[in-house]
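Me: I would like to go through some of the labels used for this structure and ask what stands behind each one.
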Amino acid sequence: MAAFGRNNALTMATHLMKTLTGSSRSLSGIVSSEIATSHTQKWMQDTSKKSPMELINEVPPIKVEDRIAVCEGDSNPALGHPIEFICLDKDEPAVCKYCGLRYVQDHHH
């Protein structure tokens, strides 16, 4: 059933692409390479905006009282990412592999 849904969606998307572009090319390779590459090149050329990594690095490390931080990326589950449990045993900030947020253990001495 799932394979039928994917194939049907691909057929519909290919038909839509043909209608919009007037091209008989299939979607294979277009979406993943041509559109993504041109979008990435355009984005990389615009130096007036900060990159996502520059923006996330401006967020100070989040202090956590426990040894384990739980990162969801956002308080709204629809906008976040899979839950990641991050060990904070080291002195340097631990980084979430999904969103780049940094966490440190807040020692109360």
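Reply: Keep in mind that this is a predicted model.

Me: What makes the contact of Glu-58 and Lys-50 a salt bridge?
Reply: The cut-off is a side-chain nitrogen of Lys or Arg within 4 Å of a carboxyl oxygen of Asp or Glu. The side chains of Glu-58 and Lys-50 meet at 2.2 Å, N to O, so the pair counts as a salt bridge.

Me: Why is Glu-58 called partly exposed?
Reply: Buried means under 20% relative accessible area and exposed means over 50%. Glu-58 has 48%, which lies in between, so the label is partly exposed. Lys-50, at 44%, is also partly exposed.

Me: How do you know that Asp-89 and Arg-67 form a salt bridge?
Reply: Their closest N and O atoms are 2.8 Å apart, and the limit is 4 Å, so the pair qualifies. The whole structure has 2 salt bridges.

Me: Why are β1 and β4 said to stand at the edges?
Reply: The open sheet has the order β1-β5-β4, with mixed pairing. β1 and β4 each have a single partner strand, so one side of each lacks a neighbour in the sheet.

Me: How do you know that β1 and β5 pair?
Reply: Pairing needs at least two bridges, and β1 and β5 have 3, so they pair. The sense is parallel, and Val-64 has Gln-105 in β5 as its bridge partner.

Definitions and conventions: Residues are numbered from 1 along each chain as its sequence is written. This is a predicted model: local features need pLDDT of at least 70, side-chain atom pairs count only at pLDDT 80 or more; totals for chains, interfaces and linings use all residues. Side-chain values use heavy atoms; hydrogens and water are left out. Helices (H or I, at least four residues) and strands (E, at least two) are DSSP runs, numbered from the N terminus. Buried means under 20% relative accessible area, exposed over 50%, partly exposed in between (1.4 Å probe, protein chains only).
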